[in-house]
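Thanks, everyone. Please have the structure open on your screens. I'll keep this short.

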Amino acid sequence: MENNNSCFNIRDLSFAYENKAVLNHLNLSIPKGKITTLIGPNGCGKSTLFQLLTKNLNPTAGEIQFGNIPLEDMSLKEFARRVAIVHQNNTAPGDLTVERLVAYGRIPYTKMGRSPSSLEDQKLIERAMKITGITGLRNRSIQNLSGGQRQRVWIAMALAQGTKVLLLDEPTTYLDVRYQIQILHLVRMLNRKCGITIVMVLHDMNQTIQYSDEIIALSSKGTVVAQGDPKEVVSTQMLEQVYGVHLDVIDHDDKKIVMNF
């Protein structure tokens, strides 16, 4: 039965690379309207799950539904009109301007060979640049931006798609701490003020606790160890089960902090 509060429904999902199992019989739902973060050790399958959610991979067994529609029944263009994606490694010609790259977010709505040009397209492009704070960079080339600025541009391009779901694969990787916090503040604002459902992959546990409404913790065996509000499910025992190391978790001002991480 469809869960109307779910963005993605995952049913008995398994995936293997050349007969090496990575994910094993996952059953879970990713809620609408929240920030959900996938965590786990390297090799646990979180990146594979992300690739399955973005249609870059197909399950070995089981099914993923977007709402009540199987992903395998959705064309890439239809999917792009519903879900925006920012991958970990993004490339673009260095001389491409910021505004031009953001405009690429409108491609799912254009006919083949035509550039985004309608008033509605331009309105959404302007909105995406304003929300991400890059309007003043519109005529700058991508190669002349800092890492944090580039990440904002990629997020703006995703926003220009006009979807209500945004998937982010390690959005703070390669950024210094200042830009990491700026990007995470932006992600939370997109969720709280724009009503966008966020699904992302993070490594930093304290950032995960601070900026997530829900976490999905995967073990090295590709199974779900815990899912829920990080303030409720993060514990020394859970982290030891996920990462195989002892990490102290303390409560401070109604928040949890992971020590020695």
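This is a predicted model: local features need pLDDT of at least 70, side-chain atom pairs count only at pLDDT 80 or more; totals for chains, interfaces and linings use all residues.

Why roll a probe at all? Rolling a probe the size of a water molecule over the atoms shows where empty space is left.

Start with the largest pocket. Its volume is about 360 Å³. Fourteen residues line the largest pocket; nearest its centre are A80, Y104, P108, M157 and Q161. Which elements give two or more residues to that lining? They are α2 (76-80), β6 (84-86) and α5 (147-159). By residue class, the lining of the largest pocket has nine nonpolar, four polar and one charged.

Now the second largest pocket. The space in it comes to about 250 Å³. Its lining has 15 residues. Look for Q88, G147, R150, Q151 and W154, which lie nearest its centre. How does the lining of the second largest pocket divide? Into six nonpolar, seven polar and two charged residues.

Last stop, the hairpin. Strand β9 covers residues 214-218, and strand β10 covers residues 224-228. The two run antiparallel, joined by four bridges. Find A217: opposite it, in β10, stands A226. Five residues lie between β9 and β10 in this hairpin. Which residue in the turn has a positive phi? That is G222, at about 75°.

Technical notes. Residues are numbered from 1 along each chain as its sequence is written. Side-chain values use heavy atoms; hydrogens and water are left out. On a 1 Å grid over the protein atoms alone, a cavity is a set of points where a 1.4 Å probe fits but cannot get out, and a pocket is an open set with protein on both sides within 12 Å along at least five of seven lines; lining residues have an atom within 4 Å of a point. Grid points are joined across faces, edges and corners, and a volume is the space filled by probe spheres set on the points. Ala, Val, Leu, Ile, Met, Phe, Trp, Tyr, Cys and Pro count as nonpolar, Asp, Glu, Lys and Arg as charged, and the others, Gly among them, as polar. Two strands pair if DSSP finds at least two bridges between them.
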